[in-house]
Amino acid sequence: MGYQLLTTDLDKVLLSLSEEYDVYAPKLFEGDGCFSDIDVVRYGKINFLNEIVFDQKSDYSFKEILTPISETLFYFTEDEAIVPKERKKGAVVFLRACDLNALKRLDDIYLHNGAEDFYYKRLRENTKFILMECKESFETCFCVSMGTNKADNYDAYISVKYGKAYIDCKWDKLTDLIKKEKNEQTDVQPEFVKENNVKVTVPQEITNEVYDFDLWKEYNERCIACGRCNFVCPTCTCFTMQDIFYKENKNVGERRRVWASCQVDGFTDIAGGHSFRNSKGDRLRFKAMHKIYDFNKRFGYQMCVGCGRCDDNCPQYISFSTTIDKINEFCKEGE
């Protein structure tokens, strides 16, 4: 059973939620894109429903809410280390099915991959997810091919039409707030994308010959190692550590976890000056194999969710969906 209510009444619900939660959603930031006077859609705090961008794919994913771009792990002095207090409010996140499927990938990486990540876990446990209706594909999406066009692990589902919001709610607190407003009980069934313009075929078997595929030589010439594909991806989790020492006392400072990219120079450098992947082609090969082979071998499903953001944001027009198909064709030729 779901609920139907006016969007103005839902605004009152969001206002009540904001007392305990920061509400995040895809939001338009005018003139804040990578280039002058270019708008960008990315996640930000919202107060009202009309701030949410429903008709565009966000240029960036939701992941910075759970894995901040720069996060202080602890402050240190000569004698002790102090872990920062957790944020005062929880979080409510509006997101699409592909991103909600990406959440499962993040959970497996941070919580089910050996020791649990303390910092991720405490943010994750106090975050609720509202699934946005997404029944029409965007140009570069290939979520249907990756099996991530549907999701049911949401706390609530929302569809907005003609000034009304239709909500399927599994979260008791939100249900109680909705019942306080003028609402009508109705059957609400989530609607999902059924077909994409872009279709890919993930290779079932990958042999060692793929590591010598000429495609990596081509990408070595085209890639500029900017790392944008990693930063917009909802499932990339690479980071580096930075120790910040305060000017007033060099023995006092903080350790930060900061987003990093497997595509940039120096990411694989180790002591002694050795680097595992010096060429840009090698790095792209590593990323592609991790997305459609290595992760699947460990967890039993593909890492890529087919959101298409990497295709949208690559300044050199390197398409990951095309890469998957080319790898599949190469593997078939070798059979």
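Visitor: How many residues sit between E4 and E5 in the hairpin?
Guide: Four residues lie between E4 and E5, and the two strands form a hairpin. Bear in mind that this is a predicted model.

Visitor: How many bridges join E4 to E5, and which way do they run?
Guide: Two bridges join them, and the strands run antiparallel. E5 spans residues 81-82.

Visitor: Which residue in E5 is the bridge partner of Phe76?
Guide: Ala81. Phe76 also stands opposite Gly253, which is in E12.

Visitor: What is the strand order in the open sheet?
Guide: The order is E5-E4-E12-E11. That is four strands with antiparallel pairing.

Visitor: Which strands stand at the edges?
Guide: E5 and E11, the latter being residues 239-245. Each has a single partner strand, so one side of each is left without a neighbour in the sheet.

Visitor: Switching to helices. Which residues of H5 are buried?
Guide: Leu174, Thr175, Leu177 and Ile178 are the buried ones. H5 itself runs over residues 172-180.

Visitor: Why are those on the same side of H5?
Guide: Because they cover an arc of only 165 degrees around the axis.

Visitor: What about the face turned away from the buried side?
Guide: That face carries Asp172 and Lys180, which are exposed.

Visitor: Let's go to H1, then. Where is Asp9 placed?
Guide: Asp9 is in helix H1, which spans residues 7-17.

Visitor: Is Asp9 buried or exposed?
Guide: Buried. Its relative accessible area is 6%, and the cut-off for buried is under 20%.

Visitor: Which residues is Asp9 in contact with, leaving aside neighbours within four places in sequence?
Guide: Glu181 and Lys182.

Terms used:
Residues are numbered from 1 along each chain as its sequence is written. This is a predicted model: local features need pLDDT of at least 70, side-chain atom pairs count only at pLDDT 80 or more; totals for chains, interfaces and linings use all residues. Side-chain values use heavy atoms; hydrogens and water are left out. Buried means under 20% relative accessible area, exposed over 50%, partly exposed in between (1.4 Å probe, protein chains only). Contact means heavy atoms within 4.5 Å. Two strands pair if DSSP finds at least two bridges between them. The arc is that of the directions from the helix axis to the C-beta atoms.
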